[in-house]
Amino acid sequence: MTHLFKHLLPEQPSHFINGQWVSASESDEVLNPSTGKVITRVATGDKTTVDQAVRQAATARKHWAKKPQPERAAFLGAWIEQVKEHAEALAHLLVTEQGKPLSEARGEVEMALTMLRYSASFAWRNQGEVLAASAPGQHSVTREVPLGVVGAITPWNFPLALFIRKTAPAIVAGNTIVVKPSEVTPLSALALATLSQKAGIPAGVINVVCGTGRVVGDALVKHPDIALITMTGSTGAGKQIMKNAAEKVIPVSLELGGKAPFIVMNDADIERAATDALNARMSNCGQVCICNERTYVQRGVYDAFIQALLKAAAGVVVGDPMAESTTVGPKVSVPEKEHVEALMKETLQEGGKVIWQAELPRDPELQGGNWVAPAIVTDLPDNARILREEVFGPILPVVVFDTPEEVIEKANDSEYGLSSYLYTRDLSVALTLSDALEYGEVYINRHGPEEINGFHAGWKLSGLGGDDGEHGYQLYVKRKTVYIDYH
Ligand code: NAD
């Protein structure tokens, strides 16, 4: 590991439990996606490590939950200062373990800061309601109280921002937390844990246990003292987590996969739609749950749209993610790269036509990386696998349609329901189609990311519960009604 990370990580990255680095007999390699080289080894835990972390979090909770909310929020303020001070090192660490271009990594650090600031703004919020009295001398209140110890499970595509997205609202509400980061990208989470300690957040409030989903994630979900599981990841893992949580009758909040349709109507601003369609596909090498997974263009502007798309695609630079000029980095891992390659192969067998493909980097240093050539594909049959399954890579399928009814049917014909995009200048069309789209998010004439005060929540197999905003915060509290007779 480079000298740059010495303030963020210990020499031997391990679990972070009750403010201590806890080593383990087992460890796993963390690889750099752009070179395939080992960055470092990180401890991997088991059921015992999870139990240790949850117990410490349960002990810490006794004091943490009693602190007034403004005091808890002040700790977030100190954490913000630490993240700001180490922002550039965090961005470099993110590029090293995840492979997104440096400009996007800096954006993710900003996203994490916004999430921290937003949760800190909950310092002085009202924490309940006074009920109408049913008789004189009655005073009844419904109060929000913390849940207890929260278990958070995060994926590899936004390892820094999603750690904060779960941790900040959980702890400001008075919970303590045990986080299991993705085994592919555990370093960003450990770096943020270091900074939380530097910010003075008491030991045991934030804990991190590294390891696989099958062992550590599973043990976290099944632990008897976990009061909520908040998870972001694939639909398959989400279903398994929900089944296990049902045994304990605890709530789950699941942010799962997506298959966002991107609809361009005849009256759209074509240049803008094409640029956004491309960016919404290529960002983070296509590894965003709200990515444009399938573009539908109305026949009247199809040719013009393709021309504008090709013009925008000429600006794509695939290469070393540390270079300022790079716009697309590698896929995060070998299995992820192979998944996209297999989909691409099948797309061609199904008759898909590649109308543009980017060049891969030639630098010898990068030859061991997980490179996938970004591409635009047309002429696909309706039932093409690439139009139905989450691609999570830089391949952009474009499909022509005739009527609004036809495109709504195609857009909604999916088991997912997270994000959707619509480009039109006609307000009536915008609102009518937005009503018809069976998605938790509709972006009209703009692409993402989602806003911190919105509610990021998928419909159908895209999830349950959600993150951000007032609705996201509400998932971290339960309610207690207290009835008082003061006569
Ligand atoms: P993944 O499901 O493989 O892993 C996510 C996390 O779950 C990891 O920490 C993993 O170890 C853990 N896990 C896996 N199986 C588990 C189990 N049985 N019990 C407990 N934990 C388990 O997902 P990924 O490949 O890391 O991430 C990509 C997926 O995440 C994509 O499908 C993407 O759409 C989704 N995602 C969704 C959102 C959203 O907000 N909806 C955001 C980002 C990513």
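The side chain of aspartate 269 reaches the backbone nitrogen of glutamate 271 at 3.4 Å, a polar contact (a pair of N or O atoms within 3.5 Å; within protein, one must be able to donate a hydrogen and the other to accept it, and residues adjacent in sequence count only if both atoms are side-chain atoms). The model is predicted, so local features need pLDDT of at least 70 and side-chain atom pairs pLDDT 80 or more, while totals for chains, interfaces and linings use all residues. Residues are numbered from 1 along each chain as its sequence is written, and side-chain values use heavy atoms, with hydrogens and water left out.

Aspartate 269 lies in the loop between strand 12 (260–264) and helix 9 (270–282). Its relative accessible area of 29% makes aspartate 269 partly exposed; buried means under 20%, exposed over 50%, and partly exposed in between (1.4 Å probe, protein chains only). The C-alpha atom of aspartate 269 is 7.4 Å from that of arginine 425, although 156 residues separate the two along the chain. Threonine 424 sits in the loop between strand 18 (419–423) and helix 14 (427–436) and is buried, at 3% relative accessible area.

The ligand comes next. Its shell holds 28 residues, and the closest are Thr154, Glu183, Ser234, Leu256 and Glu390. By class, the shell has 11 nonpolar, 12 polar and five charged residues. On its own the ligand has 850 Å² of accessible area, of which the protein covers 88%. Helix 7 (213–222), strand 10 (226–232) and helix 8 (235–246) are the elements that give two or more residues to this shell.

Helix 2 (residues 69–85) has 17 residues and reaches 25 Å from its first C-alpha to its last, close to the 24 Å expected at 1.5 Å a residue. Its buried residues are Gln69, Arg72, Ala73, Phe75, Leu76, Trp79, Ile80, Gln82 and Val83. They line one face of helix 2 because they fall within an arc of 165° seen down its axis. The face turned away from the buried side of helix 2 carries the exposed residues Ala74 and Glu85.

Helix 11 (residues 334–349) has 16 residues and reaches 23 Å, close to the expected 22 Å. In helix 11, Glu336, Lys337, Val340, Leu343, Met344 and Thr347 are buried. These cover an arc of only 130° around the axis, so they are on the same side of helix 11. Pro335, Lys345 and Gln349 are exposed on the face turned away from it.

Some backbone angles remain. Most residues other than glycine have a negative phi, and most peptide bonds are trans. Cysteine 285 has a positive phi, near 55°; cysteine 285 lies in the loop between helix 9 and strand 13 (292–298) and is buried at 2% relative accessibility. Aspartate 379, with phi near 60°, is found in the loop between strand 15 (375–378) and helix 12 (385–388), where aspartate 379 is partly exposed at 49%. Glycine 448 and proline 449 are joined by a cis peptide bond, with omega about 5°. Proline 449 belongs to the loop between strand 19 (441–444) and strand 20 (459–460).

Definitions and conventions: Near = heavy atom within 4 Å. Areas by Shrake-Rupley, 256 points an atom, 1.4 Å probe, with all protein chains shown as cover. Helix = DSSP H or I, 4+ residues; strand = E, 2+ residues; numbered from the N terminus. Nonpolar A, V, L, I, M, F, W, Y, C, P; charged D, E, K, R; others polar. Expected span 1.5 Å × (residues − 1). Arc of directions from axis to C-beta.
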